[in-house]
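Let's take a friendly walk through a protein model together. Have a look at the sequence and the 3D view below, and then read on.

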Amino acid sequence: MSQPTSRRNWLRTGLAATAGAAGLAAAARLADRYGLVPPDGRSGLYAPGATLTYAAHRLLSGDAPAREFSRGQISTPHQNGPDSKDETLVRHRNEGFASWQLEIGGLVARPRSFTVAELRTLPSATQITQLVCEEGWSYIAEWQGVKLSDLLQLVGARPEARHVVYESMEKFWWSSLDRQDALHPQTIVAYGMNGRELPFGFGGPLRLRVPRQLGYQSIKYLHRLTVTDNVKSFGKGLGASSPEFGYAWYAGI
Ligand SMILES: Nc1nc2c(c(=O)[nH]1)N[C@H]1C(S)=C(S)[C@@H](COP(=O)(O)O)O[C@H]1N2
Ligand SMILES: [Mo]
């Protein structure tokens, strides 16, 4: 996420241009009718493209899982930058993450916080999936954690919930998932990678792993989940921090 333009944005612009303004307007109206306009799909240069991508994915691919791989296909992990120098993160790291908590609130019957140790006592899920960065590189790793759907059930997420907002302890990084991705069995709160504790550089102690979307949605240093029916009231109302920098809220692959 360092450059203002990416291959994907280029593709999206191209798609929008080919579809033509009239076709796009019709597509946007159709998406609206099905409740498939993403939070960043109402205004801005890329809004029509964002709406087309999201609506098409939701209508066509449903709950299709991200591809899973065998142990032999695990590749060398690629950390997307140097270790964070964020003061709060560094302090937690120096304390061995002893006081790290995952806070869950919003539209839930039983708001609560989990320590990493508590999360480790819950039923665990393992997946070998590919992390794909929008800049063109990727790697395959095994991730272990707790299904987000299990956590949502534990805290009693209410039926009117439409999105789960998730926040990093690192400044700037937050996003949200729609119900379909939040409840998808491959969406996990990961605490392990390749058979070991999730290393700090890869988001340890906790990161959300969303293999059905591009890497920038797999937010590191996860510390808060908020269940909501109105994602507009978070940040600038675009569903994530990424659209403020030209990257779509929905990054399905
Ligand atoms: N908190 C936080 N989460 C983050 C990032 C980051 O810099 N900070 N980078 C994102 C991007 S753009 C990608 S591609 C992946 C990279 O994960 P990796 O370091 O495991 O390759 O993490 C995502 N989550
Ligand atoms: Mo990325």
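How do the residues of the shell around ligand 1 divide into nonpolar, polar and charged? There are 10 nonpolar, six polar and four charged residues in that shell. Here Ala, Val, Leu, Ile, Met, Phe, Trp, Tyr, Cys and Pro count as nonpolar, Asp, Glu, Lys and Arg as charged, and the others, Gly among them, as polar.

## Before we start

This is a predicted model, in which local features need pLDDT of at least 70 and side-chain atom pairs count only at pLDDT 80 or more, while totals for chains, interfaces and linings use all residues. Residues are numbered from 1 along each chain as its sequence is written, chains are lettered from A and ligands numbered from 1 in the order in which they are written, and side-chain values use heavy atoms, leaving out hydrogens and water.

## Around the ligand

Of the 20 residues around ligand 1, those that come nearest are His-78, Asn-80, Tyr-139, Glu-170 and Lys-220; to be near, a residue needs a heavy atom within 4 Å. Some of these residues make polar contacts, meaning pairs of N or O atoms within 3.5 Å (within protein, one must be able to donate a hydrogen and the other to accept it, and residues adjacent in sequence count only if both atoms are side-chain atoms). A polar side-chain atom of Asn-80 is 2.9 Å from a nitrogen atom of ligand 1. For Tyr-139, a side-chain N or O atom lies 2.5 Å from an oxygen atom of the ligand, and for Lys-220 the distance from such an atom to a ligand oxygen is 2.6 Å. The protein covers 96% of the 530 Å² of accessible area that ligand 1 has on its own, as given by the Shrake-Rupley method with a 1.4 Å probe.

Helices (H or I, at least four residues) and strands (E, at least two) are DSSP runs, numbered from the N terminus. Two strands pair if DSSP finds at least two bridges between them.

Strands S1 (residues 101-106) and S2 (residues 112-115) run antiparallel, joined by four bridges. They form a hairpin with five residues between them, and Ile-104 stands opposite Arg-112 in S2. Strands S3 (residues 125-132) and S4 (residues 138-147) also run antiparallel, with eight bridges. Gln-127 has Trp-143 in S4 as its bridge partner.

## Helix ends and loops

Asp-86 caps the N-terminal end of helix H3 (residues 87-94), with a side-chain oxygen 3.1 Å from the backbone nitrogen of Thr-88. Just after H3, Gly-96 has a positive phi of about 65°. Phe-97, in the loop between H3 and S1, has a positive phi near 60°.

Most residues other than glycine have a negative phi, and most peptide bonds are trans. The bond from Gly-204 to Pro-205 is cis, with omega near 15°.
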